[in-house]
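Hi,

Here is the structure I said I would pass on. Have a look at it first, and then read my notes below.

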Amino acid sequence: MALLLWLGLLLLASVQSSTVKNCYPGCHCEVESFGLFNSFSLTRVDCRGLGPGTTMPIPIPLDTAHLDLSSNAMGPLGDTMLAGPGYTTLISLDLSSNFITTVTPNALSKLRYLETLDLSHNNLDHLSPSCFSGLPLAEVDLSHNSFREFDLDVFTTKINGEPVSVDLSHNKLVSVSTTLHGRVLHIQSLNLSANWLSSVPRLAGLPLRYLNLDGNPITHIKEGAFAQLKDLVYLSASGLHELQEIEPYSFKGLQSLQVLDLSNNAKLKTLSPAVFSGLDSLQELNLSGSGVVSLPNNMLTHLPSIKSITLGRNIHCWRTQKQGQFHRQLGQVQHNEVLNCNVEGIVL
């Protein structure tokens with residue numbers, strides 16, 4: 001019986017591919033079939049690097065789900081460049097490395113099923129607040145652009161209850177605006193790494209689960225900087241080469257945070273106990289490559305759920321149970337939880 005079930009699952013998960021005839025010259029079109037008896041199929045179209053002078057929109061099969069138009073020197077993205085048969089069924093679209101400077105408000109309006117959009121490695125410094133309106137976007141990559149400020153209002157539309165994931169890494173953002181105009185953002189993952197942010201952007205109230213601020217010229221993290229990000233599970237603020245101080249209660253409100261990465265912040269020398277106030281769910285703290293070589297006494301009091309801490313270049317501390325004495329009244333041995341490190345002399 002188990003063997004039959006395994007064979008059935010194998011058939012259900014099988015994928016078969018076949019090349020599509022009459023594909024646009026220079027493109028590669030492929031149909032992938034899934035499921036039992038190939039009951040479901042989708043078409044992938046790869047039109048990378050067709051070169052300048054290519055007329056848009058490129059004709060694609062009617063049932064295209066994934067389209068790669070990267071490296072085509074498209075320039076400004078106009079209203080008619082992504083219109084026509086085949087585009088309305090797209091689930092993912094790659095427009096990276098196309099020298100795109102602007103996206104008109106209606107350039108993406110026909111892509112009503114689009115979930116993944118890659119606009120990385122372009123020359124964008126702004127986006128119209130309405131350019132993503134009506135799209136069921138789950139993931140947007142805007143890395144390697146020229147944003148000096150960014151208005152998250154472009155992602156305020158909630159489609160089919162799905163959250164939005166945004167990658168803004170390697171831009172030149174100076175600030176991030178969260179003007180909501182009465183609407184609610186549903187972004188779960190936000191990557192703002194390698195920008196020009198001088199302070200933690202105001203993101204209070206967003207249902208973020210992942211936030212990356214790596215590589216920004218942030219000098220101080222102020223009290224309440226992450227206020228109301230109660231759903232955040234992972235926070236990375238690594239490689240902040242100008243970071244000198246994290247004020248007490250900076251992380252207060254991050255009640256769900258499990259991983260905090262503060263590595264490679266060489267100018268950060270000390271951390272007060274109150275810095276860790278409110279991090280009751282934190283399990284992993286990374287301070288490797290930072291200037292912090294010791295932590296406040298009784299760390300388990302401040303971080304009751306901590307399992308591991310990394311310091312310096314190769315200092316690892318982990319939560320263990322210390323054998324205690326036999327308790328007469330309880331009739332059992334009492335265990336005390338402590339943090340042990342692979343290097344002696346570390347203050348915890």
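To start with a question: what volume does the second largest pocket have? The answer is about 180 Å³. Keep in mind that this is a predicted model, so every value here is computed from it.

That pocket has 13 lining residues, and those closest to its centre are Arg-44, Val-45, His-66, Leu-67 and Asp-68. Sorted by class, its lining has six charged, four polar and three nonpolar residues.

The largest pocket comes out at about 300 Å³. It is lined by 15 residues, with Ser-199, Val-200, Arg-202, Lys-222 and Ala-225 the closest to the centre. Its lining reads eight nonpolar, five polar and two charged.

Now the overall picture. The protein chain is built with 20 strands and two helices. It has 348 residues, and 42% of them count as buried. Among contacts with a separation of 6 or more, 51% are between residues 24 or more positions apart. The chain exposes about 17600 Å², with carbon and sulfur atoms supplying 51% of that area.

Next, the salt bridges. Side chains of opposite charge can pair when their charged atoms come close. How many salt bridges does the structure hold? There are five.

One of them joins Glu-32 to Arg-44, with 3.2 Å between the closest N and O atoms. Glu-32 sits in strand β2 (residues 28-34) and Arg-44 in strand β3 (residues 40-46), so this pair ties together parts that are twelve residues apart in sequence. Is Glu-32 buried or exposed? Glu-32 is buried, at a relative accessible area of 13%, while Arg-44 is partly exposed at 36%.

Another salt bridge brings the side chains of Arg-48 and Asp-46 together, at 2.6 Å from N to O. Asp-46 is partly exposed, with a relative accessible area of 22%.

Finally, Lys-230 pairs with Asp-231 in a salt bridge, the closest N and O atoms being 3.6 Å apart. Lys-230 is partly exposed at 44% relative accessibility, and Asp-231 is partly exposed at 27%.

Cheers

Notes: Residues are numbered from 1 along each chain as its sequence is written. This is a predicted model: local features need pLDDT of at least 70, side-chain atom pairs count only at pLDDT 80 or more; totals for chains, interfaces and linings use all residues. Side-chain values use heavy atoms; hydrogens and water are left out. Helices (H or I, at least four residues) and strands (E, at least two) are DSSP runs, numbered from the N terminus. Buried means under 20% relative accessible area, exposed over 50%, partly exposed in between (1.4 Å probe, protein chains only). Contact means heavy atoms within 4.5 Å. Accessible areas come from the Shrake-Rupley method with a 1.4 Å probe; for residues, only the protein chains shown count as cover. A salt bridge is a side-chain nitrogen of Lys or Arg within 4 Å of a carboxyl oxygen of Asp or Glu. On a 1 Å grid over the protein atoms alone, a cavity is a set of points where a 1.4 Å probe fits but cannot get out, and a pocket is an open set with protein on both sides within 12 Å along at least five of seven lines; lining residues have an atom within 4 Å of a point. Grid points are joined across faces, edges and corners, and a volume is the space filled by probe spheres set on the points. Ala, Val, Leu, Ile, Met, Phe, Trp, Tyr, Cys and Pro count as nonpolar, Asp, Glu, Lys and Arg as charged, and the others, Gly among them, as polar.
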